[in-house]
Amino acid sequence: MNYEFNWFYVQKSLPDLFDGLLVTLQLTLWANAIGLVFGFLVALGMMSKIKLITWPLTIYIEFFRCTPALIQLVWFFFCVPIIFNVWWSGYFMGILALGLNLAAFNAEAYRAAIQAIPHSHSDASVALGLNAFQRIIHVILPQALILALPVLITNGIGIFQQSALVALISVEDLMYQGRYISTQTFRPIETLTTVALIYFAVSFPVSQAVSYIERRTKRLLAN
Amino acid sequence: MAFVEINGLVKRYGALSIFEGFDLKMEATDRLVLIGPSGCGKSTLLRCMMGLEDIAGGQISLGGKEYIEGAEAGKMRIDAKIQKDVGMVFQHYTLFPHLSVLGNLCLAPTRSRGMKKAIARDKAMELLQRFGLADRADFYPSQLSGGQKQRVAIARALMLDPKLMLFDEVTSALDPELVNEVENTMQDLANAGMPMMIVTHDMHFARNIATKVVFQERGKVIEAAAPDELFGNPQQERTRDFLRNVLHING
Amino acid sequence: MELDFSFLLSYSGVLLQGLSTTLQFVGLAALLGLIWGFVLSLGRTSENHVIYWASTLYVEFFRGTPVLVQLFWVFFCLPLFLGIDLSGFASAVIALSLYSGAIISESFRAALKSIESSQFDACTALGLPRGVQTIFVVLPQAVLRAIPNLLSNVVSLFKESALVSAVGMADLMYVGQNIANNVARPIEILTVVALIYFAIGFPLTRAVSVVEARLLKVVKA
């Protein structure tokens with residue numbers, strides 16, 4: 001190895017990378033907002049006994065879970081404008097595709113959490129005279145949220161990483177800026193390493209927090 | 001010197017003390033049954049004798065030879081040669097799930113005692129025949145009932161020709177209707193003259209199989225006597241309390 | 001808007017070729033990732049502090065950065081860094097293997113940790129030496145228990161493999177996008193490409209839960 005490092009250009013373009021990071025974070029937050037809310041609604045729908053509701057939801061979930069996020073993103077970017085005859089920015093398409101992708105994974109997390117609640121809690125609720133609605137709101141929902149939290153956060157940080165895909169449809173996120181700067185300055189090693197470190201610096205603490213939360217929730221629900 | 005001797009056993013889990021100088025003797029003709037309230041250290045005692053627990057003090061000997069010597073800070077000494085003469089069966093079977101019945105029986109003899117595969121196989125089949133399990137030789141543990149699993153576990157231990165067998169609550173995890181087959185197997189073994197130490201909650205079985213019953217509480221022997229004496233005419237108030245409670249519950 | 005799927009027939013050969021490239025990437029990277037992942041999992045259960053921390057840092061880093069960044073890094077930086085020529089194919093395989101090794105090591109580690117302590121008690125009671133215990137008792141159970149997770153790792157790898165199109169590898173994704181650009185019919189072609197991915201990804205995902213249920217029965221003795 002006789003490569004000579006030169007960090008000058010990376011230093012000079014740090015503001016651009018920072019702008020990119022902001023876009024990445026915005027994408028992540030919006031996609032998570034969609035994923036958390038829509039995912040829960042989908043999970044509730046999946047509990048329905050009406051096939052006309054569960055079937056389309058199942059297809060939606062499985063489709064988003066079983067195909068590459070890249071094809072989902074590219075499909076939205078190229079096909080949605082034609083089908084609906086609208087023109088939305090790549091940024092918006094990115095949020096939509098990532099959000100729907102996340103919602104599919106989160107729906108599964110919610111569903112598994114709801115199933116993990118001991119059946120005896122339903123029995124106890126009946127014995128205590130709670131009606132179905134009260135039972136869902138006061139007994140099922142809080143426990144499902146606590147149980148699903150680690151997976152929801154893990155999925156959320158996964159979307160932070162997946163959001164790098166939007167660079168491929170020319171959204172100027174952190175990945176895009178990194179690529180752009182590295183080709184402009186012919187300094188790929190310094191630039192891409194810096195970009196990787198920035199991604200890592202954001203997701204590592206979160207993943208550590210997840211394992212902490214996981215230990216806490218286990219204790220909380222251990223009874 | 002007695003066949004089994006435990007002298008001054010000290011066992012602690014952190015600040016929690018299980019034994020502080022525990023003594024026990026057993027003759028080669030004995031089948032010793034340990035009874036007592038949960039958490040009094042019966043299972044821990046067997047685990048110490050098997051060498052599964054670090055002991056902080058005391059000695060354990062078998063056939064006049066000391067094989068475990070406790071020491072502070074986990075520097076316990078074990079003589080593996082004599083440890084090999086002790087066999088143990090656990091509450092939760094602990095069969096190896098990825099091996100067939102035959103595989104479970106033959107693993108230790110062939111891999112650590114250098115027994116030829118064919119010989120181990122013959123010996124295993126002989127044991128399974130004796131236990132009425134010959135038709136289960138190629139089954140996997142997950143395909144067996146709890147009683148069958150436990151009898152396979154006993155056969156697995158016997159493959160190594162132990163001089164002493166330890167049974168740690170071997171029927172506690174079983175459905176009531178499966179308890180008998182395991183207890184019968186143990187009774188057969190007793191009739192064949194195998195020295196045993198048994199921890200059980202089944203007082204009826206204890207009375208039938210034991211030559212000596214030890215009532216233990218909080219890491220101390222409270223009373224030790226022949227089964228008819230201990231169950232029929234217990235000398236200590238605490239023994240009477242304990243027996244009254246368990247016998248009442250058991251009906 | 002009119003859909004016309006008939007023109008796709010003339011592209012079926014190219015699509016199939018793209019698919020076979022995708023499967024080659026996945027197969028190679030899965031194989032290398034399995035080996036590398038097992039080595040890493042041993043490192044992560046090691047009592048040697050240097051080995052433990054090095055492997056932990058590696059795994060966390062590859063799990064904590066986008067695969068796209070890793071791919072670009074290997075593709076553009078590794079050859080410069082090492083001062084050697086690497087074909088695009090080799091770079092992509094290396095990148096995917098480095099990534100899959102990290103996620104696969106977690107599956108092995110969890111499996112190693114899940115073996116009950118009573119199994120070790122039984123080994124002691126049977127007088128099994130350490131080596132026999134590791135090879136004949138621990139390893140087979142660890143592999144059995146890891147299988148469902150390993151399968152999901154392969155599914156993830158299969159989905160992530162679409163990224164190699166971004167560095168010009170002619171996989172299914174790349175071929176699909178190319179055709180879409182050429183014939184200006186993105187809906188039909190991209191939908192079909194997505195369906196092809198789905199046709200492979202879905203049964204694999206289902207297989208995970210089936211295998212999991214069956215293995216659980218075996219391992220829970």
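What follows is a conversation about the terms used for this structure.

Trainee: How do you know which parts of the model may be described, and how are they numbered?
Mentor: This is a predicted model, in which local features need pLDDT of at least 70 and side-chain atom pairs count only at pLDDT 80 or more, while totals for chains, interfaces and linings use all residues. Residues are numbered from 1 along each chain as its sequence is written, and chains are lettered from A and ligands numbered from 1 in the order in which they are written.

Trainee: What makes the pattern of chain A one of helices?
Mentor: Helices (H or I, at least four residues) and strands (E, at least two) are DSSP runs numbered from the N terminus, and chain A has nine helices and zero strands. Read along the sequence, its pattern is therefore α-α-α-α-α-α-α-α-α. The C-alpha trace of chain A spans about 75 × 45 × 25 Å along its principal axes.

Trainee: Why is helix 6 of chain A said to lie largely in the open?
Mentor: A residue is buried if 20 or more other C-beta atoms lie within 10 Å of its own, exposed if 12 or fewer, and partly exposed in between, with C-beta atoms placed from the backbone. Of the nine residues of helix 6 (residues 119-127) of chain A, the number buried is zero, so this helix lies largely in the open. In chain A, buried residues make up 39% of the 223 residues. Just after helix 6 of chain A, A:Gly129 takes a positive phi of about 80°.

Trainee: How do you know which chains touch?
Mentor: Two residues are in contact if their C-beta atoms, placed from the backbone, lie within 7 Å. No contact joins chain A and chain B, whose closest C-alpha atoms lie 22 Å apart, whereas among the two pairs of chains that touch, the most contacts are between chains A and C.

Trainee: What makes up the contact between chains A and C?
Mentor: Chain A gives 35 residues and chain C gives 33 residues. On the side of chain A that touches chain C, helix 9 of chain A gives the most, with 10 residues. If Ala, Val, Leu, Ile, Met, Phe, Trp, Tyr, Cys and Pro count as nonpolar, Asp, Glu, Lys and Arg as charged, and the others, Gly among them, as polar, that side of chain A divides into 26 nonpolar, six polar and three charged residues.

Trainee: And what does the contact between chains C and B take from each chain?
Mentor: It takes 21 residues from chain C and 23 residues from chain B. The elements giving two or more residues to the side of chain C are helix 5 (117-125), helix 6 (130-160) and helix 8 (186-219) of chain C. By class, that side of chain C has 13 nonpolar, five polar and three charged residues.

Trainee: What makes a set of residues a nonpolar core?
Mentor: Such a core is a set of buried Ala, Val, Leu, Ile, Met, Phe, Trp, Tyr and Cys residues joined through C-beta atoms within 7 Å. Of the 105 residues in the largest one, A:Ile71, C:Leu68, C:Val69 and C:Leu71 touch the most other members. The largest share of this core, 14 residues, comes from helix 5 (residues 90-116) of chain A. Apart from it lies another core, of 73 residues, among them B:Ile18 and B:Leu45. Leaving aside neighbours within four places in sequence, C:Leu68 is in contact with A:Ala164, A:Leu165, A:Met175, C:Leu163 and C:Ala166.

Trainee: Why are helix 1 and helix 7 of chain C called roughly antiparallel?
Mentor: Axes are lines fitted to C-alpha atoms, for helices over the stretch in contact, and angles run from 0 to 180 degrees between N-to-C directions. Angles under 35 degrees count as roughly parallel, over 145 as roughly antiparallel, 65 to 115 as roughly perpendicular and the rest as oblique. Helix 1 (residues 12-44) and helix 7 (residues 172-183) of chain C pack at about 150°, with their axes 7 Å apart, and are therefore roughly antiparallel to each other. The residues of this contact divide into seven nonpolar, three polar and no charged.

Trainee: How do you know that strand 2 and strand 6 of chain B are edge strands?
Mentor: Two strands pair if DSSP finds at least two bridges between them. The open sheet of five strands in chain B has the order 2-1-4-5-6, with antiparallel pairing, and strand 2 (16-26) and strand 6 (77-78) each pair on one side only. Eight bridges join strand 1 (residues 4-13) of chain B to strand 2 of chain B.
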